[in-house]
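Keep the model open while reading.

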There are 2 protein chains.
Amino acid sequence: MEWKRINRRFERHPARTVIYSFALADFIGALLLWLPISHSKELSFIDALFTSTSAICVTGLTVANTALDFTKAGQFIILVLMQLGGLGVMTFSVFIALGIKQSLSFSSRLSLQESFLPHFTPEPRRLLLTIFVYTFTAEALIALGLLLCFLGQGLKIKNAFFQAVFHAVSAFCNAGFSTFKDGLIDFQKNYLVLMLITLAIFLGNVGFPIVYELLSLLKEKRRRLSLHFRLTVYTHIVLIVFGALAFLLFEKNGVLANFSWPLKIVTAVFHSVSARTAGFNSINIALFSEHSIYVFLILMVIGACPGSTGGGIKTTTLAVLSCTVWSRLRGFPQAVVFKRAIPVDQVGKAITLVFIYLLAIMVFHFFLTFTEPNVPFYKSKHEFLGALFEVVSALGTVGLSTGVTSQLNLWGKICIIMAMFIGRVGLLSLISFLSEVGHEPRPYKYPKERVMVG
Amino acid sequence: MEWKRINRRFERHPARTVIYSFALADFIGALLLWLPISHSKELSFIDALFTSTSAICVTGLTVANTALDFTKAGQFIILVLMQLGGLGVMTFSVFIALGIKQSLSFSSRLSLQESFLPHFTPEPRRLLLTIFVYTFTAEALIALGLLLCFLGQGLKIKNAFFQAVFHAVSAFCNAGFSTFKDGLIDFQKNYLVLMLITLAIFLGNVGFPIVYELLSLLKEKRRRLSLHFRLTVYTHIVLIVFGALAFLLFEKNGVLANFSWPLKIVTAVFHSVSARTAGFNSINIALFSEHSIYVFLILMVIGACPGSTGGGIKTTTLAVLSCTVWSRLRGFPQAVVFKRAIPVDQVGKAITLVFIYLLAIMVFHFFLTFTEPNVPFYKSKHEFLGALFEVVSALGTVGLSTGVTSQLNLWGKICIIMAMFIGRVGLLSLISFLSEVGHEPRPYKYPKERVMVG
Ligand SMILES: [K+]
Ligand SMILES: [K+]
């Protein structure tokens, strides 16, 4: 009964549910982290709130060192928050995509089932179970691998176990928190750890629909892949290769200069995967060249695949827009890809999302120029690009930083907290809202009229 | 006969015609400016090419001081190039918008004539004449006003006449060149000059279709305004007010601090109008706060109205995209404004334009980080924001600069020359290309398939 009631309610106001549940978890997390038992050093409430927001939104930006400033209890709270955040985001976004089915006409419902998520069972309970099983299985396997690595490095069993679980969850949830003093920089030459973390991030941000379709395919021995599958996987892989090649090229004589070739490749792939949107780094971001910083910015804005633990505008959104542009240049009046036409309302959704996302980047970046009124951002150390990087990282819930986070004053922290929350919860609400509206044809039609564009 | 042949040819390959004619004029201009008779100081060919490109593309970025480094002959060549460039851009863009009529089916042709340009005569010769008459009348009136101002300032009649003509043409064509040593900074407290220049810029970048429709309206005593008119004028005025208010707010205690209130307002409006895309400034851009720089960036990207002498993505492009987003949020599956629906192919055109424009900004900005390999842009004086400002200014053919232009090395100059040329000619070609394709329905239809966006 209760499940049905919640389900109905959620279907009616998914955006509201998302906002309330995240805000509540965020606040409780902040209170728990603020308790003296959680931290070993002095911790202001704003710093506790910052850490809690960063954990529940799986962003990974930190104003306090997770390894040094928090006790084991505090680290455990962060672990729980990350897991809740990651699972929450994945579940919410998959359910939002399915939730709309209820309010759709029979024909649209059919087309959704036929094409968009061809293998999804409509039974929400089983779906939820599958998501949980997938998450915990993946995390357990990665944790096991990491445990062996850490034991090999000479860590004591109890510590190695905690570190392995923490990093497996952090990587799978694309959170980017680390309980090592310098993050993964200590492991920058450890192939196995880097590759395991890369795999965990990939499993987390490739998106649940992809995994589900793949499993169904294996089970049912079907051949036809959905457009969603092909578009997502294609974009995802192209972006990973693009990022890795760019880092290899731009850091050949830079931060990768002293690495062996295999390690160069592993590190480049690691950072390319991690920038969308895990936020781990095995090299200090401030040491990268400005060209690589540029690539990081692009990857962070694009982000992960839909229905995953990651953030950003998402691979499919980029793909839909690129297809629209490419189709238009080829003379098609609408977006066409893989011999399929993308419905106009989805192109509108993609434009709306990107428009609002870029606007949010600008607004927060602009806000940040006000938080330290006497130091013009673009002339000082606290520089324009660093601030832009910080905002893009916070909105995309990536968690990489050129070092600006630790220098933020109170207003700067509030600004970034808001950016993290809006980048995660606001975006999810917007997507849910956009999925609800714009499907039903309006009762009246306006006459068409052309304008001169460009 | 010849006219008809050229007209036919132009209609078949407008993009090619645009590119060839601009490139030819650019090269001839560079050669003329390179002649010893044109310059009073040493001038390398790359600097001559830079100046010529800047003049023919009506950009206004300068590597040499127009007042000091060029002789009267050189200044006259720049004047002619500006006039050719401004007229060329206006004529080409209006003709491209009309040129497509020939290839359209009867129904689309009718709808174009009915709505988009309701008052245009289809006879190209008369249209061309009207454009020329409008241009030269406006320039003559502004020049007359400026002449009186300059005479009042104590300039000798011959010099005052040349300066008045030069600045009238430069302002109307949105070129932004000035033959005063420090540009308009010497006139920063001269209301009349600032207001005349503002008026000239406005007349130039409001776009010829608007002027034509207004004139027709007065003549025919019709009441109904086209959607194009309403959308353009509305966006144009909102942007001018937005920019002026932003500058007033952000420079209250900044560069406008010592100005009287009326002068504050005139200066703020002047810079708001000039940033889209004339590029005159009565205050050194480097002295503006970073908040204002941000506003400048936004205004420069948006640019002028279509069918004008200005650049940028254009007001209507922004309007169409904003309408799409706003309509989507309100639940309409397509873009709706003023009780009219904007056709889907035009939304696609707007997306394509903005997508490619933003990509161009990124590519050129990225290139610029390579031109001085030993100085990371975001750590040095030659900074990230300054470079971004420079590229946006060049691509939008604005011509404002925080001072980077004069510090460019050879590769930087080549990069900016390309940006100016592509921002002007490339954009015009792209628009012409997009106007040609995507109208005819394809003979086959692909099945629709949804993807999960966001
Ligand atoms: K993250
Ligand atoms: K200009």
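## The potassium site

In sequence, the donor residues of the potassium ion (ligand 1) follow the spacing V-T-x114-N-A-x101-T-A-x118-T-V. Donors are N, O and S atoms within 2.8 Å of the metal, or 3.2 Å for Na, K and Ca; water is not among the atoms, so sites may look incomplete. The protein donors lie 2.5 to 3.0 Å from the ion and include A:V58 (O), A:N174 (O), A:T277 (O) and A:T397 (O). A:T59 and A:A175 also donate through O. This pair ties together parts 116 residues apart in sequence, because A:T59 and A:A175 lie in separate loops of chain A.

Buried means under 20% relative accessible area (1.4 Å probe, protein chains only).

The model is predicted: local features need pLDDT of at least 70, side-chain atom pairs count only at pLDDT 80 or more, and totals for chains, interfaces and linings use all residues. Residues are numbered from 1 along each chain as written, chains are lettered from A and ligands numbered from 1 in written order, and side-chain values use heavy atoms, without hydrogens or water.

Helix α9 of chain A spans residues 191-205. Helices are DSSP runs (H or I, at least four residues), numbered from the N terminus. Its buried residues include A:V193, A:L194 and A:I197. Just after α9(A), A:G207 takes a positive phi of about 95°.

Notes. Helix = DSSP H or I, 4+ residues; strand = E, 2+ residues; numbered from the N terminus. Expected span 1.5 Å × (residues − 1). Buried < 20%, exposed > 50% of the residue type's maximum accessible area, 1.4 Å probe, protein only.
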